[in-house]
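Please look through the structure below slowly, and keep it open while you read. The paragraphs that follow lead from one part of the chain to the next.

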Amino acid sequence: MPVDLPPPSDADSPALPAGPAFSPLYQQIKALLLKSLQGGEWKPGEAIPSELELAGRFRVSQGTVRKAIDELATENLLVRRQGKGTFVATHAEEQIQYRFLRLAPDEGPPSGMERHFLDCRRMRAPAEVARSLALKAGEPALLVRRTLWRNRAPVVLDEIWLPANLFKGLTAERLAQYAGPMYGLFETEFGVRMIRAEEKIRAVAADEVTAELLHVAPGAPLLSVERLSHTYGDKPVELRRGLYNTTSHYYRNELS
């Protein structure tokens, strides 16, 4: 004869890992969800199980699961869709695509820009790049150089460094042929998802090579933006150094 079990309670959670320091139960659930995301249990764009299913899986209340999911949604790792469920965020979605693109035109909404790839080559990572990407001395890296254009004029010169072991087979041709955002390519074809980034911003003057590529005069003021992007586990996977011509653009940020 079937036996009705009581609903899961936060006092009964044997599935949770023990640790020396106390953390709220929803934070422990969040850590378990992150572990599943990092392990690829749910792919970008896929729906995760319902709150009720996850509550049963972890033997906690549905409210605890909801609070963990709320935090992951705030961090842009999950996306709630009214009436459909909760999905793993993907860089293919428009609201996620421009999350890391902070350069906006003086007129009109932020949008994608036309890409021109200049170079993509494998080489030994310079010491400062190796340190930033947590590579061992002598480990190879990929250097990608490109310009971004809007209204038939170059606006950005990017120098992008990637760990070679994570992006085997990446070429300038492959980058140019991919129609979506670069982070979408990294996500779908190489299984590397950018989770968060930190940036350093300063004003610089254009040298002769940069001036030619960005169609400005040598010595023209540019905005230098160095970005270090991380994936799950706070692992650095991209060092991007961009030079921005802000004559008709501005750097935007939202503080909350």
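**A walk through the predicted model**

In helix α2, which covers residues 51-58, the buried residues are Glu 51, Leu 54, Ala 55 and Phe 58. When one looks down the axis of α2, these buried residues fall within an arc of 105°, so they line one face of the helix; the arc is taken from the directions that lead from the helix axis to the C-beta atoms. On the other side of α2, Leu 52 and Glu 53 are exposed. Here buried means under 20% relative accessible area, exposed means over 50%, and partly exposed lies in between, with a 1.4 Å probe and protein chains only. Helices (H or I, at least four residues) and strands (E, at least two) are DSSP runs, numbered from the N terminus.

This is a predicted model, in which local features need pLDDT of at least 70 and side-chain atom pairs count only at pLDDT 80 or more, while totals for chains, interfaces and linings use all residues. Residues are numbered from 1 along each chain as its sequence is written, and side-chain values use heavy atoms, with hydrogens and water left out.

What lies over the buried residues of α2? The cover includes α1 (25-38), α3 (62-74) and β1 (78-81), where contact means heavy atoms within 4.5 Å. Just after α2, Arg 59 takes a positive phi of about 60°.

In soluble globular proteins, nonpolar side chains tend to be buried together. The largest nonpolar core of this model has 20 residues, and those with the most contacts inside it are Ile 29, Leu 33 and Leu 54. Such a core is a set of buried Ala, Val, Leu, Ile, Met, Phe, Trp, Tyr and Cys residues joined through side-chain atoms within 4.5 Å. The elements α1, α2 and α3 each give two or more residues to this core, and the largest share, five residues, comes from α1. Leu 54 itself, if residues up to four places away in sequence are not counted, touches Leu 33, Trp 42, Ile 48, Pro 49, Val 65 and Ile 69. A second, separate core of 19 residues includes Leu 142, Phe 167, Tyr 183 and Met 194.

Turning to the strands, six of them form an open sheet in the order β4-β5-β6-β9-β8-β7, with antiparallel pairing; two strands pair if DSSP finds at least two bridges between them. At the edges stand β4 (114-124) and β7 (196-205), each with a single partner strand, so one side of each is left without a neighbour in the sheet. Within the sheet, β6 (residues 153-163) and β9 (residues 235-244) pair over six bridges, and the bridge partner of Val 156 in β9 is Tyr 244.

Thr 147 is found in strand β5 and is buried, with a relative accessible area of 4%. Its side chain makes a polar contact of 2.9 Å with the side chain of Trp 149; a polar contact is a pair of N or O atoms within 3.5 Å, and within protein one must be able to donate a hydrogen and the other to accept it, while residues adjacent in sequence count only if both atoms are side-chain atoms.

Finally, Glu 189 is found in helix α7 (residues 182-190), and at 39% relative accessibility this residue counts as partly exposed. Leaving aside neighbours within four places in sequence, Glu 189 is in contact with Arg 174 and Tyr 178, and a polar contact of 2.3 Å joins the side chains of Glu 189 and Arg 174.
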